[in-house]
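Hello,

Here is the structure I promised to pass on to you. Please open it beside this email, and then read on for what turned up in it.

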Amino acid sequence: MSEIAANVGHNLKQKSLIIFDWDGTLMDSIGLIVESMHIAGEANGFYTNDEEVKSIIGLSLLRGIQTLYPQATAEQHLAIQQSYADYYIHASTLPNQPHSQFFEGIEAMLQQLRAQQKLLAVATGKKRAGLDRVMDYSQSRHYFVSSRCADESGSKPNPQMLRDILQETGYQVADAVFVGDSIHDIRMANQLNMTSIAVNYGAANAEVLSTESPTYQVDTPSQLVELLTAD
């Protein structure tokens, strides 16, 4: 699937604030998330498959676990959450891990957008501690003027984190675009009628994302770069 034509009033050149999801949009971490969830679930006696795990990416971790394992008790949900965090943190902070790197071309895009005087922000299902950790690991904190996490503003698709970023930066919905890889991302943007870009290379495939009616849709990181940085 190629880029979807923009709707009227969604000219990207006029957008001053670009808000990104993190996992699967900027960072190539979907594989590690899926692996970590399998290990955490199985350590506590629960099993699932790759596609089911991918379907909850974008939600807060606990809400995702509750969705994956509705038969588990509240105590078991918390135990899975802890097992997941223990494994993910250890694996993601080992030196030179490919799953803790930006997709090819993404960091150069961030640099170019900042040179174009665009403001950049992050709205993620990660907890604050997790986002801080990966920002420090990737040495990317300086690119972003604002960020909100699921433990600060609620789990997607609740749009509160987008509202918080708009309030902090002083911009309006019409000034912003949100970029994400999950149905929860696009649903969140649509609740505010915010311009959205769905990327097909992360948690959800092109067909699933297209049902959420994103404003734009791209297949690869290079297409995202081309779309956002076009003069």
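Is F103 buried or exposed? F103 counts as buried because its relative accessibility is 12%, where buried means under 20% relative accessible area, exposed means over 50%, and partly exposed lies in between (1.4 Å probe, protein chains only).

Before the rest, a word on where the values come from. This is a predicted model, in which local features need pLDDT of at least 70 and side-chain atom pairs count only at pLDDT 80 or more, while totals for chains, interfaces and linings use all residues. Residues are numbered from 1 along each chain as its sequence is written, and side-chain values use heavy atoms, with hydrogens and water left out.

**The chain as a whole**

The protein chain has 11 helices and six strands; these are DSSP runs numbered from the N terminus, with helices being H or I of at least four residues and strands being E of at least two. Its radius of gyration is 17 Å, close to the 17 Å that the globule rule gives for 231 residues, so the chain is as compact as a globular protein of that length. That radius is taken over C-alpha atoms, and the globule rule is 2.2 Å times the number of residues to the power 0.38. Along the principal axes, the C-alpha atoms fill a box of roughly 50 × 35 × 35 Å.

Of the 231 residues, 55% are buried. Among contacts with a separation of 6 or more, 66% are between residues 24 or more positions apart, a contact being heavy atoms within 4.5 Å.

**The aromatic pairs**

Rings of Phe, Tyr and Trp (its six-membered ring) pair if their centres lie within 6.5 Å; planes under 30 degrees apart are stacked, over 60 edge-to-face, and the rest tilted. By this rule there are six aromatic pairs. One of them joins W22 and F102: the ring centres are 5.6 Å apart and the planes are at 55 degrees, so this pair is tilted. W22 sits in the loop between β1 (17-20) and α1 (30-43), and F102 in the loop between α4 (74-92) and α5 (106-115), so the pair ties together parts that are 80 residues apart in sequence. Both W22 and F102 are buried.

Now back to F103, whose ring pairs with that of Y201 in an edge-to-face way, with 4.8 Å from centre to centre and 70 degrees between the planes. This pair also links distant parts of the chain: F103 is in the loop between α4 and α5, Y201 is in the loop between β5 (195-199) and α10 (206-210), and they are 98 residues apart. Y201 counts as buried because its relative accessibility is 17%.

Ring pairs also link W22, F102, Y143 and F144 into a cluster. What does S138 touch, leaving aside its neighbours within four places in sequence? S138 is in contact with W22, M27 and F102. S138 belongs to helix α6 (residues 128-138) and counts as buried at 15% relative accessibility. From S138 to F102 there are 36 residues in sequence and 8.0 Å in space, C-alpha to C-alpha.

In helix α11 (residues 221-229), the buried residues are P221, L224, V225, L227, L228 and T229. They pack against β1, α5, β4 (176-180), β5 and β6 (216-218).

In helix α9 (residues 183-191), the buried residues are I183, H184, D185, I186, M188 and A189. Which parts do they pack against? Their partners are α2 (50-56), β2 (119-124), α8 (160-169), β4, β5 and α10. Just after α9, N193 takes a positive phi of about 55 degrees.

A203 lies in the loop between β5 and α10 and is buried, with a relative accessible area of 8%. Not counting residues up to four places away in sequence, A203 touches I30, K54, I57 and D181. A203 and I56 are 147 residues apart in sequence, and their C-alpha atoms are 8.7 Å apart in space.

H77 is in helix α4 and counts as buried at 8% relative accessibility. Apart from neighbours within four places in sequence, H77 is in contact with L62, I65, Q66, Y69 and A72.
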